[in-house]
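Q: Can we go through this one together? Keep it short, please.

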Amino acid sequence: MRIFSTLIALILVFLFSPAAVQSQCNQAPCLLPMPSVNAQDACVNPSPSALDCYFGATTPDAPVSFPPSWCSAIHNNHWFAFVADATSASFTFNVYGCAVGNGIQVAAFSTSDCVNFQFVSPCIGNIPSGGSATLVASPLTPGETYYICVDGSSGAECDYSINGINPTINGPTDGVCLPSLLPSVYTTTTPSSWTLNPPTAGTMNINPANTQATIQWLETGPVQVCAQGLNCPNSPEVCLDINIGEVVMSEEEVFLCQGKTTECAGRTFSAPGNFPVILKADTGCDSIVTCKVKLIPTVTVTEFYELCARPGESVSCAGQDFYAAGVFPVTLTTDLGCDSIVRCSIKVIPAYISPFTLVNLCGPAEYQICNNTLNESGLHSETCLNYQGCDSIVNVNLAIMEPQALIAAPSILDCDSNAIVTLNGAGSPPNPVSGGITLYNWSGPGIVGPFNLPTAQVNQPGQYCLIVTHARGGVYCADTTCVTVLANSAIPQLPVISGNPNPCGDSTVLYTVTATGNPPPTSFNW
């Protein structure tokens with residue numbers, strides 16, 4: 001209502017005042033501030049305050065009216081006209097953002113024909129985007145019309161305001177996260193009306209001065225907090241883009257080898273347990289990873305092996321070869337990268353050496369030792385494998401006894417030089433075995449003297465046999481051979497005496513002697 005009443009009053013002044021009759025350039029009044037690229041076409045605002053809360057932008061159009069001098073060069077200026085109501089006027093310019101270039105430049109002028117201009121203020125150049133500057137026009141003659149020129153620096157196209165503050169919203173834009181018990185606080189330097197887009201993103205509480213909004217967030221995603229200045233109802237709505245993130249909760253299970261370290265969520269752990277690790281996500285929100293560190297103890301086992309005591313012999317344990325007795329720890333790595341210790345216990349089994357065993361056999365014979373067959377007498381050492389697979393030296397004193405009884409051809413008995421014949425068995429081989437003995441045994445009808453020698457004497461014809469025995473260790477092996485002793489056929493037989501003996505000693509009894517033979521005996525000798 002104030003602006004409207006002032007406007008009516010000024011219109012009446014223009015219509016009835018002498019100065020209005022001698023007005024400069026265009027005298028059409030402005031219902032609302034309206035800039036023009038041609039100063040001659042600019043409508044006249046009834047007072048400096050009529051420009052309050054103007055929000056606009058520099059134009060991309062080519063300039064028409066040029067002041068006599070300028071902050072720099074004119075590129076895309078436009079003009080406002082106002083009627084002074086005091087000897088000075090103050091205008092605050094706020095630059096909010098530039099689509100092209102950066103900043104504006106402003107100055108105030110007086111003119112009588114909108115062609116020739118005189119400065120009534122300094123030229124303020126390069127008010128940057130986000131900046132503010134106050135233009136003071138003085139001295140002014142109340143009732144006279146004056147002009148303000150606004151130009152983009154180097155042709156910049158920027159949003160700006162005159163005597164109007166576009167709210168600046170201050171508050172967090174990143175790191176706003178759910179779930180959260182803490183609300184977010186946003187402020188402006190000027191009283192504003194507040195909105196939330198989308199409205200379901202949270203609940204908003206506004207302070208009585210309308211300069212602060214406290215928001216408890218309910219949804220994640222992109223959100224806008226918007227404010228519009230209450231002092232300038234036509235000011236544009238300003239919005240602050242916010243991304244409501246989410247605190248991500250997760251778990252990660254890792255394994256820790258005893259005596260080592262492990263990594264989880266970028267941290268290193270050397271002990272088991274549950275550890276929360278806070279990470280920052282791209283949204284600025286925390287990502288909480290609970291690292292569940294599980295300990296894998298070092299496994300130690302003992303393996304027992306037997307090593308045969310033979311040159312170059314080895315056993316394999318835990319992938320390694322060992323050549324000597326002892327306990328050897330071998331560290332292995334499991335699929336999880338942990339240590340597994342195998343204690344290789346190696347025992348050396350010496351080769352067993354047996355004493356010499358007497359083995360007595362009657363030949364022909366063979367004696368088996370392990371996989372070897374022996375068929376000769378003597379000392380034998382054979383290497384065998386025992387049940388453990390190691391060497392076992394078996395020593396044998398082997399006797400294979402094969403006696404052979406031999407009798408030389410005997411002479412013929414007669415009554416002269418060969419009344420006794422010697423049978424000769426000395427040609428029978430003696431027992432060749434170490435420690436062995438040879439025994440002789442003769443049998444027949446007329447053995448005279450010893451019968452257990454290599455030779456025997458006989459005085460009667462007939463068959464005589466020799467048994468030759470080889471013996472050792474209680475084992476007897478015998479061979480028998482026989483010969484026939486012949487006698488000359490003239491040898492008389494023993495006489496036969498017959499008669500009736502007188503048991504009383506009668507010497508007159510006669511005895512008869514009968515002798516036989518072939519030829520028959522020729523005489524008898526009593």
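Q: What is the handedness of the link of cysteine 226 and cysteine 239?
A: Right-handed, with 105° about the S-S bond. This is a predicted model, where local features need pLDDT of at least 70 and side-chain atom pairs count only at pLDDT 80 or more, while totals for chains, interfaces and linings use all residues. Residues are numbered from 1 along each chain as its sequence is written, and side-chain values use heavy atoms, leaving out hydrogens and water.

Q: Which parts does the pair of cysteine 226 and cysteine 239 tie together?
A: Cysteine 226 lies in strand β16 and cysteine 239 in strand β17, so the link ties parts 13 residues apart in sequence. Strands are DSSP runs of E, at least two residues, numbered from the N terminus.

Q: How many disulfides are there?
A: The count is 13, taking a disulfide as a pair of cysteine sulfur atoms within 2.5 Å.

Q: Which cysteine sulfur is nearest to cysteine 149?
A: That of cysteine 123, 8.0 Å away. Cysteine 149 is in no disulfide.

Q: Is cysteine 149 buried or exposed?
A: Buried, because its relative accessibility is 0%. Buried means under 20% relative accessible area, exposed over 50%, and partly exposed in between (1.4 Å probe, protein chains only).

Q: New topic: what is the strand order in the open sheet of three strands?
A: β12-β15-β14, with antiparallel pairing. Two strands pair if DSSP finds at least two bridges between them.

Q: Which strands stand at the edges?
A: β12 and β14 do. Each has a single partner strand, so one side of each is left without a neighbour in the sheet.

Conventions: Helix = DSSP H or I, 4+ residues; strand = E, 2+ residues; numbered from the N terminus.
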